[in-house]
Amino acid sequence: MVVRNLGANFEELIAEAGPGVEAAHSSRGAAFGDFDNDGDVDVLIVNMSERPSLLRNDVTGSGNWLKVRLIGVKSNRSAIGATVKATYGGKTQALAVMSQSSYYSANDPRLHFGLGAAATADLEIRWPSGAKETIRTVKANRLVTIKESAGLISAVEFKKG
């Protein structure tokens, strides 16, 4: 099932989501991530005895986003267990880096924050080592890489396409 968050409730979007959602499959896992690096979250579904289904999110919109990739130094290199809080436009989102998220699948380890109209976000990272870092005024619509104790080491801008 595919739904749209309307704030106080949800709207079902089965027909609008297309044949990849309507088709019947015996599936065992789903992985979420930006497979085509266009700033929105796509879904890869693991089907039994057939090829996986890649559901590309190609909805156009004007909302901004930010992807965060973490590299641990004192913590494990994959930064599993780290949490990031993104604060923007009076709102805060928090996400954690996890190694596994669904039966037979794992999500993209890059954390994806939808920022709406906000053009920047402040990031607070809590590393598994116990260290805490704050990076202010990170521009939207890009993938930023943050290395433990070194801060922001790269920022790559992506465009919807």
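Strands S7 and S8 form a hairpin with two residues between them, and Gly 89 in the turn has a positive phi of about 50 degrees. Strands here, like helices, are DSSP runs numbered from the N terminus (E, at least two residues, for strands; H or I, at least four, for helices). The structure is a predicted model, in which local features need pLDDT of at least 70 and side-chain atom pairs count only at pLDDT 80 or more, while totals for chains, interfaces and linings use all residues. Residues are numbered from 1 along each chain as its sequence is written, and side-chain values use heavy atoms, with hydrogens and water left out.

S7 has a covered face made of Val 84, Ala 86 and Tyr 88, and an uncovered one made of Thr 83, Lys 85 and Thr 87.

S6 pairs with S9 in the antiparallel sense over five bridges, and Asn 64 has Gly 116 of S9 as its bridge partner. With S12, S6 pairs in the parallel sense over six bridges; there, Arg 69 stands opposite Thr 145.

The largest nonpolar core holds 22 residues, of which Val 68, Leu 70, Leu 123 and Ile 146 touch the most other members. Such a core is a set of buried Ala, Val, Leu, Ile, Met, Phe, Trp, Tyr and Cys residues joined through side-chain atoms within 4.5 Å. At least two residues of this core come from each of S6 (64–71), S7 (83–88), S9 (111–116), S10 (120–126), S11 (132–139) and S12 (142–147). Leaving aside neighbours within four places in sequence, Leu 123 is in contact with residues including Leu 66, Val 68, Val 84, Ile 135, Val 144 and Ile 146, contact meaning heavy atoms within 4.5 Å.

Glu 133 is another of the contacts of Leu 123, and this residue lies in S11. Although Glu 133 is buried, it has no salt bridge, and the nearest side chain of opposite charge, Lys 74, is 11 Å away. For this count, Lys and Arg are positive and Asp and Glu negative, with His and the chain ends left out. A salt bridge is a side-chain nitrogen of Lys or Arg within 4 Å of a carboxyl oxygen of Asp or Glu. The side chain of Glu 133 does make a polar contact with the side chain of Trp 127 (2.9 Å). A polar contact is a pair of N or O atoms within 3.5 Å; within protein, one must be able to donate a hydrogen and the other to accept it, and residues adjacent in sequence count only if both atoms are side-chain atoms.

Elsewhere, charged residues do find partners, and a search of the whole structure finds nine salt bridges. One of them joins the side chains of Asp 36 and Arg 56 (3.0 Å, N to O). Asp 36 lies in the loop between S3 (27–33) and S4, and Arg 56 in the loop between S5 and S6, so the pair ties together parts that are 20 residues apart in sequence. Both are partly exposed, with relative accessible areas of 26% for Asp 36 and 46% for Arg 56. Asp 58 joins Asp 36 and Arg 56 in a network of salt bridges. Glu 124 forms salt bridges with Arg 126 (3.4 Å, N to O) and with Lys 132 (3.9 Å, N to O).

Conventions:
Buried means under 20% relative accessible area, exposed over 50%, partly exposed in between (1.4 Å probe, protein chains only). Two strands pair if DSSP finds at least two bridges between them.
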